[in-house]
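I opened my notebook to follow the charges in this protein. Here is what I looked up, entry by entry.

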Amino acid sequence: MGSVWDDLVGQHRAIDALRRAADGHGMTHAWLFTGPPGSGRSNAATAFAAALQCDAEVPGCGVCKGCHTTLKGSHADVTVVRTEKLSIGVDEVRDLVRRAALAPVGRRWQIMVVEDADRLTEQACNALLKAIEEPTGRMVWMLCAPTVEDVLPTIRSRTRLVSLTTPTARDVADFLVRSDGVPAELAAYAARASQGHIGRARALARDEDVRERREQVVAVPTALTSLGACLAAATALAETSKAEADAITSALDARERQDLAEAHGVVERGRRPREYAPALAALERNQKTRAKRRHLDVVDRALMDLASVYRDAIAVAAGAPGDLVNEGRRHEVTKLADGSSAELNLRRIGWIFEAREQMLEFNVPVALALESMMVALKLPDGARR
């Protein structure tokens, strides 16, 4: 029989601590879950929430009503906050704080899970801090962020830290085989290519189109033989990432507009009430922000795939044992390592992260940042594929 902890891959120390807390040992009202992308921060928080709502003698059975409704997102006393926006504002947090002050419907805990605590604005953080400083008796806050530095010191000092790690490729592959029935060879590929990101590994294992898009990205480094090739690669990545992001958001956008129209009676009466126009404008602004964030997320994932090729080249140059992230392209990676120094490849990884920072932190247009990056990554004159 399974448990709420089954989807937490390679996180044995964190699971042990959470199990003890759910059983009443070391329980506190505020928690901070940190770990690299794909390590399962929100999954760990949700699993812990399920264990706290569990009806079984040993918390976290995974099958009782408390566990089942929490994991499915329908438990009356568990609220999960996630956002597609660039930030979480103070109004949203104030609403959470008001809800947190209510007594739980059931006999256990009122739980608030904030998946993107690193996106809280300064005002939102201040509003949340007051709630954490003055908790009600049955209230638990669970904040998720990549690192402790992504959360204000005043907040993290009042939380108990749960640090998650990047699972090994073997752990991820075993999980894909065991949980999803993925063939062993494909599971091994997805585990390596995802670099420990569980969600990404599942997407690579399940979808041939996702695998094909990744292969196009990791083929880029050895194709950057001229200025024209660099600009073409930048344009292709900008366009394909935008198309992928639009495909993800377009159906949701259309459904939200339809729901708004129905809520205001536009569909039935065939006319638009006065309050419909400002509501539609607000919705479209939010959708635009979400689309931008989704595009940046898709580009960011591609940049991490690109960086993995140069990381592999450094590993080859150093004679490091074990499989490469891009083991199926070892021949190309070896040529890349032979044609440049480890120091240059390390600088190339730095240029990729500079482009990432320009887009995410300084709002530089995607196409411009990618063009600048690709030109910096250009192979030395005379290099051949």
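The entries below go through salt bridges and then a charged surface patch.

**Entry 1: ground rules.** I am reading a predicted model, in which local features need pLDDT of at least 70 and side-chain atom pairs count only at pLDDT 80 or more, while totals for chains, interfaces and linings use all residues. Residues are numbered from 1 along each chain as its sequence is written, and side-chain values use heavy atoms, with hydrogens and water left out.

**Entry 2: counting pairs.** Side chains of opposite charge can pair when their charged atoms come close. I took a salt bridge to be a side-chain nitrogen of Lys or Arg within 4 Å of a carboxyl oxygen of Asp or Glu. By this rule I have 21 salt bridges.

**Entry 3: Arg158 and Glu133.** I looked up this pair and found a salt bridge whose closest N and O atoms are 3.1 Å apart. Arg158 sits in the loop between α6 (153-156) and β5 (160-163), and Glu133 is in helix α5 (residues 122-133), so the pair ties together parts 25 residues apart in sequence. Helices (H or I, at least four residues) and strands (E, at least two) are DSSP runs, numbered from the N terminus. For cover, buried means under 20% relative accessible area, exposed over 50%, and partly exposed in between (1.4 Å probe, protein chains only). Arg158 is partly exposed at 34%, and Glu133 is partly exposed at 41%.

**Entry 4: Glu244 and Arg213.** Next I checked Glu244, which forms a salt bridge with Arg213, the closest N and O atoms being 3.1 Å apart. Glu244 belongs to helix α11 (residues 227-263) and Arg213 to helix α10, so parts 31 residues apart in sequence are tied together. Is Glu244 buried or exposed? Glu244 is buried, at 14% relative accessibility, while Arg213 is partly exposed at 31%.

**Entry 5: Arg290 and Glu256.** Here the closest N and O atoms of the salt bridge are 2.8 Å apart. Arg290 in helix α13 (residues 276-318) and Glu256 in helix α11 are 34 residues apart, so I noted a link between distant parts of the chain. Arg290 is buried, with a relative accessible area of 10%; Glu256 is partly exposed at 23%.

**Entry 6: a network.** I also found salt bridges with shared partners, joining Arg200, Arg214, Glu215, Asp305, Arg329 and Glu332 into one network.

Entry 7: Glu208 is in helix α10 (residues 208-218) and is exposed, at 58%.
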